[in-house]
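Here is a short note to read alongside the structure.

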Amino acid sequence: MTFISIVYALFLLSILGIYWTVNKQRSRLWILLIASLVFYTSLQVEYIPLLLLGTWINYRIGRAIAKTSERQPNPQTWQLVSDDWQTQFAAWERRRLIGLWGGILFNILVLAGFKYIPFIFNTLGTWFGLPAAQETATWFQQNILPPLGLSFFVFECIAYLIDVYRGSPASAQFLRFASYKLFFPKLISGPITRYHHFQRQLKTLIFPSSHDWVEGLWLIACGAFKKGVVADRLGIFVTLSFENVQRAGSGDLWLATIAYGLQLFLDFSGYVDIARGSAILLGFNLPKNFNFPYFSTSIADFWRRWHITLGDWLRNYLYFPLGGSRVGLGRTCLNLILVMLIAGIWHGAAWGFILWGAVHGIALAVHRLTDILSKRVEGLKLLWKSIPGTLFSWFLTQTFVFLAWIPFRLPNLKEAGWVMQHFWGHTGDIQFTEKVYLESLGLQRIEVTLLLVLIWLIMTLSYAMNRGLKLQLNWPIKIALVPLCLYAVWIFAPEGGLPYIYFDF
């Protein structure tokens, strides 16, 4: 069952019908939990026990950390001398830290066990000439399929445990925690949602207003259109191009790179739109995950707009604990690079993802340095704020972002390097044009180029209306567009569709 399918539509309608006919919160939580298990069962039934076990263990660890916190020694009520109180306090803090680090280690080991063992063994086998290690890596790749959504599952669990350690209340009921953790709209690809944000909404759960129903349906229809009609069509061209890179010309490689950047954004943001729309119909608001990232004018601004919930997670649970920007300029730059390296590793077990994270970290460090310099040199500050400076910074940022998508799409560094080396002066195979453009797409190369330009123009118009003029579509227009978008998906989406890109992460 995928979001863009008749099966999901019937599933969601059935759940809504049952969900809103009951009045007790506990009954609704049971409905959400059962629905989420049914949803995941349709994708990977074999991992249901693992999800439930992981959810239960994190729930119990959270309760243990909270229970230890409740026993914090109070120097005003304990009949202890100062030294005794300090000893008791240190023991209390150790128990909390042991619980926290035990929970973090458990989640990381689960994630590493499924996603990174093949990469680790393959790397060791290559570096040290160990055939047994490479055979082990091959066996894992052929026989162990990572659970869908495991990275998002782990990140949410770690965030929950840290929040409890920092003083937020732990979930008092396993049903509530499991309903949050396995909530089917966000289960596979986010957005990453904190437990306490979800918990607060449970306390004020009411039947959606007419405005909410329109907004939820609009998000679902808009997300389905972005994914099914635009992203999947771009994905066909991207796949054909990158699977035949040595036959593609320089112009084809540029088109494929731009198309992949657009495909990735439309695919992932389309998923999140459907997830948020489905959640609204169930009475919940999930956080936004994108805010026109391809119109950012610096790499720091890009990461405030791209995969927003991941960026927030990295800042709150890695960057700030490392010291953030309070530890001197050199350490700050090192922290930025380290955090983005971890972000690259989180996305996948391959050197291409590590490279992608590293270059983004370096870019953030360079931006921090140039930002400090610009604040000290008045001329530079005025230049970046001028129209030519803004356009140049936008072009520079997006050129970097789209080029950095190459090792993201081609994690094999040899393939990614080949593409980078042939952006200029490489003549493609004539058969590539015939097979990819004419036979597979039914379009000329110039028509594909114009299509990409059209997508950019539509995105620019949307950005200008939303951010510049502060205009939004009203509810009658949204109601009218919902069936049109869904009909367009029915007619124009590729048969069978393509899997969501972020299912792999």
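**Notes on the model**

1. The largest pocket has 47 lining residues, and those nearest its centre are C222, K226, L266, I458 and S462. The model is a predicted one. The space in this pocket comes to about 1,700 Å³.

2. Which helix gives the most to the lining of the largest pocket? Helix α10 does, with twelve residues. The elements that each supply at least two residues to this lining are α10 (210-242), α11 (250-281), α19 (430-441), α20 (445-468) and α21 (475-492). Sorted by class, the lining of the largest pocket holds 33 nonpolar, seven polar and seven charged residues.

3. The second largest pocket contains about 940 Å³ of space. Its lining is made of 38 residues, with F353, I501, F503, D504 and F505 nearest the centre. Two or more lining residues come from each of several elements, among them α4 (82-115), α6 (131-143), α7 (150-165) and α17 (387-409). Helix α10 provides the largest share of this lining, five residues. The classes here are 23 nonpolar, nine polar and six charged.

4. The whole structure has 13 salt bridges. One of them pairs K478 with E215, with the closest N and O atoms 2.7 Å apart. K478 belongs to helix α21 and E215 to helix α10, so this pair ties together parts that are 263 residues apart in sequence. K478 counts as buried because its relative accessibility is 10%, and the cut-off for buried is under 20%.

5. A salt bridge also forms between R445 and D252, where the closest N and O atoms are 2.8 Å apart. R445 is in helix α20 and D252 in helix α11, so the pair ties together parts 193 residues apart in sequence. Are the two partners buried or exposed? R445 is partly exposed, at 34% relative accessible area, whereas D252 is buried, at 3%.

6. R305 and D301 meet through their side chains in a salt bridge of 3.4 Å, N to O. The two are four residues apart in helix α12 (residues 299-305), so about one helical turn separates them. R305 counts as buried at 9% relative accessibility, and D301 counts as buried at 13%.

7. Helix α5 (117-128) and helix α15 (351-376) each supply at least two of the patch residues, and α5 gives the largest share, five residues. F128 lies in α5 and counts as exposed, at 57% relative accessibility.

Technical notes:
Residues are numbered from 1 along each chain as its sequence is written. This is a predicted model: local features need pLDDT of at least 70, side-chain atom pairs count only at pLDDT 80 or more; totals for chains, interfaces and linings use all residues. Side-chain values use heavy atoms; hydrogens and water are left out. Buried means under 20% relative accessible area, exposed over 50%, partly exposed in between (1.4 Å probe, protein chains only). On a 1 Å grid over the protein atoms alone, a cavity is a set of points where a 1.4 Å probe fits but cannot get out, and a pocket is an open set with protein on both sides within 12 Å along at least five of seven lines; lining residues have an atom within 4 Å of a point. Grid points are joined across faces, edges and corners, and a volume is the space filled by probe spheres set on the points. Ala, Val, Leu, Ile, Met, Phe, Trp, Tyr, Cys and Pro count as nonpolar, Asp, Glu, Lys and Arg as charged, and the others, Gly among them, as polar. A salt bridge is a side-chain nitrogen of Lys or Arg within 4 Å of a carboxyl oxygen of Asp or Glu.
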